[in-house]
Amino acid sequence: MSGEVQGIDDEKVPAIVVPKDEYQWNKYGQKLIKRIGNKHRSYFRCKKKDCGAKKKVEWAPSNPSTVRVLYEGNHNHQCARIDSDEVDEDAMIQANQYDLATQIFGSRN
DNA sequence: CGATTTTGACCAGCGC
DNA sequence: GCGCTGGTCAAAATCG
């Protein structure tokens with residue numbers, strides 16, 4: 001997990017703020033998407049082998065300060081619910097918002 | 001040591 | 001036909 005602080009300085013949001021959810025993901029790629037304002041999209045995959053669930057994190061095209069999380073596929077294992085100490089209430093709430101945005105934005109622009 | 005993360009390159013599909 | 005983008009994989013490096 002790289003002890004690298006993902007740019008948590010003031011509020012410049014240099015890197016994408018990945019919210020914590022009930023599942024664990026491993027980043028397998030990062031690409032710069034020009035469609036969202038020359039920002040970079042983060043690709044996450046479920047850590048489980050039997051799990052084909054995938055997650056993509058990108059900035060909202062209209063909300064450069066908001067992160068949109070797209071969930072693809074479904075999990076074959078139970079939710080690896082992280083300890084409450086690991087999950088931030090804010091992150092969880094945000095994750096929920098992202099999920100909602102995903103459905104709304106699901107129709108693309 | 002094991003685990004995880006990061007970057008680059010390659011490929012494919014599509015548009016004009 | 002060419003260019004461009006998006007998506008995934010591999011390897012390497014680093015952390016606890």
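A polar contact here is a pair of N or O atoms within 3.5 Å; within protein, one must be able to donate a hydrogen and the other to accept it, and residues adjacent in sequence count only if both atoms are side-chain atoms. With that in hand, look at Arg 41: one of its polar side-chain atoms lies 2.6 Å from a phosphate oxygen of DNA strand C. This is a predicted model, where local features need pLDDT of at least 70, side-chain atom pairs count only at pLDDT 80 or more, and totals for chains, interfaces and linings use all residues. Residues are numbered from 1 along each chain as its sequence is written, chains are lettered from A and ligands numbered from 1 in the order written, and side-chain values use heavy atoms, leaving out hydrogens and water.

**Around DNA strand C**

**Phosphate contacts**
- Leu 32 puts a backbone N or O atom 3.4 Å from a phosphate oxygen of DNA strand C.
- Lys 54 uses a polar side-chain atom, 3.3 Å from a phosphate oxygen of DNA strand C.
- Two or more residues of this surface come from each of β1 (25-33) and β2 (39-46) (strands are DSSP E runs of at least two residues, numbered from the N terminus).
- β1 gives the most, with 4 residues.

**Glu 58 and Arg 41**
- Glu 58 is found in strand β3 (residues 54-59), and its side chain makes a polar contact with that of Arg 41 (2.3 Å).
- Glu 58 counts as buried because its relative accessibility is 1% (buried is under 20% relative accessible area, with a 1.4 Å probe and protein chains only).

Definitions and conventions
Buried < 20%, exposed > 50% of the residue type's maximum accessible area, 1.4 Å probe, protein only.
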